[in-house]
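Here is my note on the model you sent. Please read it with the structure open.

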Amino acid sequence: MIESQRLHLKNTIASLIHNCKNIRELNEIHSHVIVSPYLSPNDRSFLISRLFFYLCTVSESPVSLHHAKKIFNVTPNPSLFVYNAMIRANATKIEDPRSCQSLFLYKEMLGSGLVPDCITFPFVLKECSKRVDWFTGRSIHVHALKFGYEDDVYVQNALISLYSECGILDDARRVFDGMSNRDVVSWNSMIVGCLRGLVQGGRAKEALDIFHEMQISADEEDTVCPDKVTVASALSACAALGAIDQGKWVHSYLERSGMECDMVIRTALVDMYGKCGCVERAYEVFKGMPNKDVLAWTAMISVLALHGYGDEAFELFKEMEAARVRPNAVTFVGLLSACAHSGLVEKGRWCFHMMRHVHCIEPQVQHYACMIDILGRAGLFIEAKELIRTMPMKPDVFVWGALLGACQLHGNVKLGEKVARYLIDLEPDNHAFYIILCDLYAKSGRFDDQKRVRSLMKEQDIRKSVPGSSMIEVDGVVYEFSVKGSPEMLMEALQSVLMLLSNEMKIERNIGSILSHNHLRYWSDNANAANHAPKFKNMELKPVVFLLMISLATRSYLLTLLGLPIYLVVGFVVSSLVDYVRELRSDAHRPPVAGPMMNQLIHFNRLFDYHVTLARRYHTYRLITESHCEVYTTDPLNVEYILKANFPNYGKGEKNCDLMKDLFGDGIFAVDGTKWRHQRKLASYEFSAKVLRDFSSSVFRSNAAKLDLKVNSEALAGREVDLQDMLMKSAMDTMFKVGFGVDLDTLSGSDETSNRFIKAFDDSNVIVYWRYVDVFWKVKRFLNIGLERNLKDNIKVIDNFVYMLIHHKRERMRNEQGTTKEDILSRFLIESEKDKENMTDKKGGDGSELATEVKDQISVDEFVVNLTEAALDRMQYLHATLTETLRLYPPVPLDGKCSNEDDILPDGHKIKKGDSITYMPYAMGRMAYIWGDDAEVFFPERWLENGAFQAESPLNLLPFRLGLESA
């Protein structure tokens with residue numbers, strides 16, 4: 001009775017171990033096994049070994065190996081079974097290729113006197129494969145022969161995998177050929193090994209031959225038949241070879257065999273058809289797949305990318321998103337490759353941005369390599385180098401190789417030489433870098449350098465390890481042509497055919513020359529008549545021109561003269577309406593049309609609030625003009641894209657520069673390109689200088705004291721004051737002191753010259769804003785009438801005032817050599833002596849432009865940052881109040897850019913080259929979808945949490961953003 005109870009307890013516990021669900025249950029069982037008085041020592045040893053086996057093989061818990069090691073360490077004299085289980089667990093559960101725990105255990109097992117068996121060797125060899133350690137693997141191979149397991153199929157399969165993984169395919173084939181009993185794993189290991197060898201030189205043809213050999217063997221012996229792994233591997237071999245006929249045969253075999261065609265097989269079919277050039281067939285297989293996973297979508301996108309169907313690849317990506325399939329990192333490699341093959345630079349930038357900010361996939365080195373390839377193919381070397389410089393990881397050979405390939409494509413010898421030499425230092429035995437460097441030298445005529453590189457290759461015995469070859473499929477047979485010769489082909493017969501074709505081409509060339517001569521003579525005889533013929537093709541008559549032609553045709557010259565203004569207005573209105581209707585009817589994923597540009601003229605007095613009304617309906621929209629579209633956006637993602645991710649594509653544009661040039665000259669607000677970058681770099685440096693920061697702080701305190709005295713004196717006198725006007729004057733005094741080193745003293749109002757300057761400057765800014773809605777401002781400027789005449793007069797006042805300051809400042813600087821230059825004007829004048837091209841005394845260089853520059857750069861947030869006294873730090877509500885004020889009343893209500901190339905915004909709207917695009921901080925501060933339902937309420941408490949000030953994203957609050965320009 002006791003014996004039967006003991007046996008029942010033992011079987012029950014064994015069953016519990018088998019059905020165990022988690023480590024907690026296993027610990028309870030283990031405790032019971034240890035303390036139970038009803039189990040014999042043999043039963044206890046048996047159950048612990050079962051428990052140990054469960055931890056090492058069955059359990060998927062991440063801590064299972066840790067528990068197994070604990071049991072192993074307290075087990076006296078572990079058996080072969082225990083060692084095998086531990087070796088297996090370490091070889092399969094630890095992914096780190098540097099791990100060698102299985103090898104240590106194997107060595108310890110041999111030292112304890114135990115003899116390995118057929119279970120030991122496969123997992124020890126697996127550890128060597130994981131480490132790509134062929135030297136240790138050979139030693140284990142010798143041990144297997146020594147202990148008599150050379151004919152064990154599991155050991156032989158492990159050896160094939162080892163040698164294949166290490167790239168020693170000849171040894172793998174030798175083991176395979178010596179096998180007397182092969183199973184499906186043996187065949188699959190050899191086929192996969194040949195495909196893995198593609199990295200070392202390519203053995204896809206041999207993989208396909210082994211697949212056919214397997215079928216012949218199966219037909220003869222009726223033993224081993226291909227499985228899903230075999231078919232998928234064969235399809236990969238066909239894809240690598242471009243063997244479409246053989247790929248179709250494998251597809252038909254799959255259908256005939258009745259094998260289940262799962263997602264892996266179907267994805268392999270898509271890949272095979274795509275790489276063999278049958279894009280339509282690949283798409284058919286893809287469309288027939290139910291419940292497509294991310295690998296299937298990625299495979300089809302990669303196929304489209306390979307064949308240059310960039311737009312189609314992105315359309316498919318949209319379908320993927322609509323199907324709620326989350327893309328992975330490989331998906332974006334396919335999309336970026338599509339951009340590279342199709343020359344879609346802007347889409348590439350957009351894709352690179354979206355993968356991180358929308359799909360939360362951090363770009364890896366392969367994504368950077370694709371992006372460098374895109375930029376390099378487009379010749380954007382500066383941007384490519386900047387991207388490499390800002391990579392979060394170290395650029396690898398593929399990144400530098402993409403840049404080197406671009407240099408070779410565009411003949412950029414200077415950069416290509418540097419990159420090639422760097423790559424040669426990284427991989428001195430890689431022949432490709434030497435060859436490309438030779439090609440660069442040859443294209444630039446530097447033949448001596450080319451010979452020197454060739455000599456270096458010869459001295460160091462650097463050559464291509466795998467001969468160049470190409471393959472072609474004829475009647476289902478793959479033929480290979482190599483520089484070392486092709487034993488399968490009759491080379492003499494092939495040369496005879498080439499000679500025959502060459503002769504035929506020469507005959508056709510001679511006949512073509514005769515025909516071309518007669519053809520040209522015919523056109524020459526008819527050229528004069530053609531030149532005098534009227535041309536109406538692609539002719540477009542604007543309405544105003546049409547009206548003038550009617551007047552002239554009726555010879556009503558007086559009517560023409562008197563009616564010209566009417567013709568101009570009517571023609572402009574009609575032309576605008578035609579363009580408006582045309583844009584309304586167009587779709588093409590453009591932003592929705594909110595009205596014609598003339599609407600801004602109607603709502604000019606409440607222009608910013610008018611845009612708020614439109615932005616509530618559309619986060620991104622456009623107004624139509626006769627020549628282009630004006631796009632407006634409040635979407636923070638779009639703003640970040642314009643100002644940061646794709647900043648080079650959105651400059652000020654010719655229109656904005658033209659509008660502002662009269663007032664700002666060649667200053668930072670009215671220039672693009674090199675001049676803008678130079679002035680901004682200098683300004684950024686100067687504004688960060690300690691001398692200027694200390695000087696600014698003292699000026700702020702001094703002028704704050706003056707303002708306090710002014711307010712007190714007015715209050716004591718009982719007079720009403722315009723507080724906003726006083727604050728503006730105090731700010732202008734401060735900025736002029738910091739900028740020019742001059743006390744403007746507009747707060748007191750006693751200096752008439754300063755007052756005239758301030759009024760002229762303010763009025764000029766209003767007139768420049770008016771130009772944006774006045775389509776006839778150029779005519780008015782030419783005729784010197786209306787507001788344009790006022791602007792011209794104001795600019796004279798501004799120029800006289802600023803040039804007078806500059807002149808006096810130069811005189812003082814000459815007389816005060818060696819003194820510290822605290823104000824910005826002094827520092828800019830020093831720089832202008834060094835760089836007369838980019839830093840001039842023209843309007844805007846350091847005159848009225850500087851005043852505006854200071855106004856933007858030394859703003860309220862800069863004031864807060866620079867004043868770091870503990871008292872101000874404790875004024876949390878002051879921080880919140882100032883921030884809330886800037887949210888609702890930003891210093892720049894809207895800022896316009898111009899698109900240099902076609903582009904796609906993150907929200908999917910297309911932007912055409914030449915479109916103006918304006919982001920609107922004023923409207924963004926009033927958007928409920930950004931700030932909530934109380935967006936238009938002045939509520940400083942929104943910035944406080946438990947009494948402490950909390951900052952907002954700089955994209956939502958643009959006055960504080962950290963983009964490429966100051967707000």
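**Notes on the model**

1. Asp-171 and Arg-174 sit 3 residues apart in helix H10 (residues 169–177), about one turn of the helix. Keep in mind that this is a predicted model. The two side chains form a salt bridge, 2.5 Å from N to O. Asp-171 is buried, at 11% relative accessible area. Arg-174 counts as exposed, at 55%.

2. Arg-349 and Glu-383 also meet in a salt bridge, at 2.6 Å, N to O. Arg-349 belongs to helix H20 (residues 345–357) and Glu-383 to helix H22 (residues 381–389), so this pair ties together parts 34 residues apart in sequence. Arg-349 is buried, with 8% relative accessibility. Glu-383 is partly exposed, with 22%.

3. Arg-131 pairs with Asp-133 in a salt bridge whose closest N and O atoms are 3.6 Å apart. The cut-off is within 4 Å, so this pair counts. Arg-131 is partly exposed at 28% relative accessibility, whereas Asp-133 is buried at 15%.

4. A network of salt bridges links Glu-417, Arg-421, Arg-446, Asp-449 and Arg-452. The total comes to 28 salt bridges.

5. Now the sheet. It is open and has 6 strands, in the order E3-E4-E5-E10-E7-E6, with mixed pairing. Strand E3 (593–596) and strand E6 (650–651) are the edges, each pairing on one side only. Strands E7 (residues 895–899) and E10 (residues 916–919) run antiparallel, joined over 4 bridges. Within that pairing, Lys-897 has Ile-917 of E10 as its bridge partner.

6. Two helices lie across this sheet. Helix H34 (residues 653–664) lies across E5, E6, E7 and E10, at about 140 degrees to E7.

7. Which residues of H32 are buried? They are Leu-607, Tyr-610, His-611, Val-612, Leu-614 and Ala-615. The buried residues of H32 pack against E3, E4 and E5, and against helix H31 (598–602) and helix H46 (921–924).

8. Thr-613 is partly exposed, at 34% relative accessible area. Thr-613 and Arg-926 are 313 residues apart in sequence, yet 9.8 Å apart in space, C-alpha to C-alpha.

9. Finally, the whole chain. It has 47 helices and 12 strands. Of its 967 residues, 43% count as buried. Among contacts between residues at least 6 apart in sequence, 63% join residues at least 24 apart. The chain exposes about 52100 Å², with carbon and sulfur atoms supplying 57% of that area.

Methods:
Residues numbered from 1 in each chain as written. Predicted model: local features only at pLDDT ≥ 70, side-chain atom pairs only at ≥ 80, totals over all residues. Heavy atoms only, no water. Pairing = 2+ DSSP bridges. Contact = heavy atoms within 4.5 Å. Axes fitted to C-alpha atoms, helices over the stretch in contact; angles between N-to-C directions. Buried < 20%, exposed > 50% of the residue type's maximum accessible area, 1.4 Å probe, protein only. Areas by Shrake-Rupley, 256 points an atom, 1.4 Å probe, with all protein chains shown as cover.
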